[in-house]
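This briefing concerns contacts between charged side chains. Please keep the sequence and the structure in view while reading.

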Amino acid sequence: MRRSPGKRLERLGLERDWDFLLHLPLRYIDETQLTPIARLAPGEEQQAEGEVVACEVTVRGRRQLLVRLADESGELLLRFFHFYPSTRQQLAVGRRVRVYGPVRGGPMGLEIVHPRVHAAHAGEPLPQRLTPVYPSTEGVGQAWLRARIGRALRDVEITETVPAELLAATGLPPLAEAIAGLHQPPPGVDAAALARQQGPWWERIRFDELLAQQISLRTARARRAERSAPPLPAGGALVARLQAALPFALTAAQQRVRREIEADLARTVPMQRLIQGDVGSGKTVVAALAAAQAIDAGCQATLMAPTEILAEQHFGRIVQWLAPLGVQVAWLAGKLKASEKRAAQLAAASGAAQLVIGTHALIQEAVQFANLGLAIVDEQHRFGVAQRLRLRSRAGAQEGTPHLLMLSATPIPRTLAMSYFADLDVSVIDELPPGRQPVVTKLVAAGRRDEVLGRVRAEAARGAQVYWVCPLVNEGEDESTAELTAASAMYEQTRALLPELRLGLLHGQLPPAEKTEVMGAFAAGAIDVLVATTVIEVGVDVPRATLMVIEHAQRFGLAQLHQLRGRIGRGAEQSFCVLLYDEPLSEAARERLKIVYESSDGFEIARRDLALRGPGEFLGARQSGLPLLRFADLERDVDLLEQARGVALRMLAGHPVQAAAHVQRWLGARAEYLVA
Ligand code: ADP
Ligand code: MG
């Protein structure tokens with residue numbers, strides 16, 4: 001046995017015996033059978049035993065070690081492109097060995113490339129069980145893992161945490177049977193099915209994993225309910241004045257969601273609510289009213305947005321609404337001058353700023369609030385779980401936990417709502433403000449660009465504005481996208497084609513001041529055509545823009561296309577979105593573009609997108625901070641998830657000690673994340 005691989009195990013999350021027990025094989029090697037060489041079949045992994053009759057290194061063509069192995073029935077060639085002196089010793093002529101690997105037909109008959117090799121002793125019995133192959137990392141050998149896990153299997157008594165009557169109702173096998181069976185499958189089981197994670201043993205594992213998740217989420221929810229938040233009663237003067245000052249009446253959906261938030265904020269339990277509403281449904285004003293309610297109660301509020309452009313736009317709009325009513329609004333972004341940052345931080349810490357709007361800087365910089373009552377996170381899916389929670393932790397200590405309001409245009413699929421987001425209350429704005437005409441979407445091959453330019457001229461001629469969207473900034477940023485038209489190149493090209501129009505260029509690499517200037521000029525109508533990258537994807541609101549052209553549309557994600565398209569159709573006029581695509585278009589790309597063409601409903605698009613991609617991408621790397629599921633798959637395991645949810649509730653109600661033990665077993669230290 002090799003030395004303990006120590007630190008490297010941490011990377012695999014392996015520390016306690018239970019971590020090893022739950023480190024399950026990727027696949028299996030069947031060393032329980034020996035096949036006579038003459039009966040080896042190409043295309044399968046098989047094991048043979050024989051004596052080495054030749055062993056030589058050839059240098060003809062590629063340098064390699066060729067070994068001939070013989071038994072009574074025939075001869076087999078073993079081929080090694082990488083080998084050590086020890087390999088040659090192990091395979092010296094006259095040695096008896098067992099070899100295992102995929103058999104294939106080669107130029108000199110049947111052969112195995114890089115077989116597993118074992119010295120064989122006459123009469124040595126074959127293993128009684130399949131040999132597991134574990135997920136591993138450099139420096140952690142299979143032999144070491146097998147031995148360590150074998151020890152855990154001997155040392156640990158695998159007890160049931162799920163009460164017998166609840167387990168019986170699921171029809172799943174005992175945990176001890178599942179874990180032992182998966183690590184050391186008896187001969188005769190279908191190893192291929194196990195490797196595909198099929199069968200009742202795997203189901204039991206997935207169920208237990210989902211159960212741990214459900215219990216910990218419920219526990220987090222219960223703990224939150226025990227914390228106290230500053231009560232922010234409804235009916236204050238600022239809310240009434242803001243509502244009266246708005247240039248429009250709230251839609252019925254906005255009013256309903258507004259009331260839900262109003263009631264939450266008045267309670268002493270911290271709110272944790274998500275507003276879902278399609279792009280353009282008017283989430284910002286609902287958030288502003290919530291902020292006003294906090295300010296009415298003498299607390300501060302903060303609003304965090306994922307991009308500087310969006311945060312700045314919120315700042316501009318909200319200042320316009322609230323400053324005339326005497327509210328102090330501060331602005332904080334990473335790119336501010338040090339002195340400006342300090343001023344904003346001071347205003348937050350002293351309580352002089354009643355509302356602080358900004359970007360990630362709100363959590364990165366050392367911002368402390370005097371008495372934060374409400375934290376608002378716009379486009380919440382752009383932030384990681386940990387980031388959202390950190391914003392709330394900036395409150396002054398004596399004030400308790402602030403209320404948390406999140407906004408998102410991306411609907412959460414049902415399975416995710418039941419799992420990762422089970423700790424949220426959700427409000428849906430399912431209505432657009434009146435007078436909006438749905439955007440007309442057109443699919444146009446890039447070859448017909450001239451027609452599109454004609455359309456741009458016509459729009460500009462009648463005083464409307466145009467977005468021209470490109471996927472990236474500079475050519476050669478990334479080899480795979482080098483052929484794409486870059487925004488800067490596009491800008492030059494478009495300027496040459498439309499010399500009579502006023503063009504602007506906006507991309508992520510521009511200095512912030514320039515971004516602000518360009519965006520301001522576009523909003524003021526001083527630019528006809530804004531050539532931009534996806535920096536305008538979220539939240540940007542210029543109602544006079546009625547045409548959007550998206551270059552290389554097949555390169556964008558569906559949610560992204562929908563978000564981009566949401567930048568137009570914000571006024572009362574008919575808007576058009578032209579998706580310029582490059583030919584030939586793959587079948588998959590055509591299918592995806594068709595979805596955006598056919599539907600203008602973000603929820604419908606997300607549903608169909610999810611069906612094409614699965615939920616993994618929805619969660620994405622940004623959700624890191626939550627222990628992701630290792631075995632369960634939220635699409636495939638909906639039924640198990642439902643079962644686990646039911647069992648979680650009953651365990652928490654009737655068997656809290658077992659419930660806690662179950663979470664501990666599965667998540668160990670990681671359980672803390674969920675409670676943060
Ligand atoms: P989103 O939900 O995508 O964040 P916004 O909050 O940016 O949408 O609102 C989109 C536009 O609709 C803004 O110009 C906003 O002022 C306007 N708006 C919001 N609510 C209404 C309403 N009830 N009636 C008319 N316009 C509204
Ligand atoms: Mg928005």
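Which side chain meets that of E598 in a salt bridge? The partner is K594, with an N to O distance of 3.9 Å. The model is predicted, and the count of salt bridges in it comes to 27.

**A pair within one helix**
- E598 and K594 both belong to helix α21, which covers residues 587-598.
- Because the two residues are four positions apart in this helix, about one helical turn separates E598 from K594.
- E598 is partly exposed, with a relative accessibility of 46%.
- K594 also counts as partly exposed, at a relative accessible area of 35%.

**A network with shared partners**
- E49, R96 and R98 are joined into one network by salt bridges that share partners.

- R206 and D637 form a salt bridge in which the closest N and O atoms lie 3.2 Å apart.
- R206 sits in helix α8 (residues 200-226), whereas D637 sits in the loop between α23 (616-619) and α24 (638-654).
- The two residues are 431 residues apart, and the pair links distant parts of the chain.
- Both R206 and D637 are buried.

**A partly exposed pair**
- A salt bridge joins the side chains of R68 and E75, at 3.0 Å from N to O.
- R68 has a relative accessibility of 25% and therefore counts as partly exposed.
- E75 is likewise partly exposed, with a relative accessible area of 44%.

Notes. Residues numbered from 1 in each chain as written. Chains lettered and ligands numbered in written order. Predicted model: local features only at pLDDT ≥ 70, side-chain atom pairs only at ≥ 80, totals over all residues. Heavy atoms only, no water. Salt bridge = Lys/Arg side-chain N within 4 Å of Asp/Glu carboxyl O. Buried < 20%, exposed > 50% of the residue type's maximum accessible area, 1.4 Å probe, protein only.
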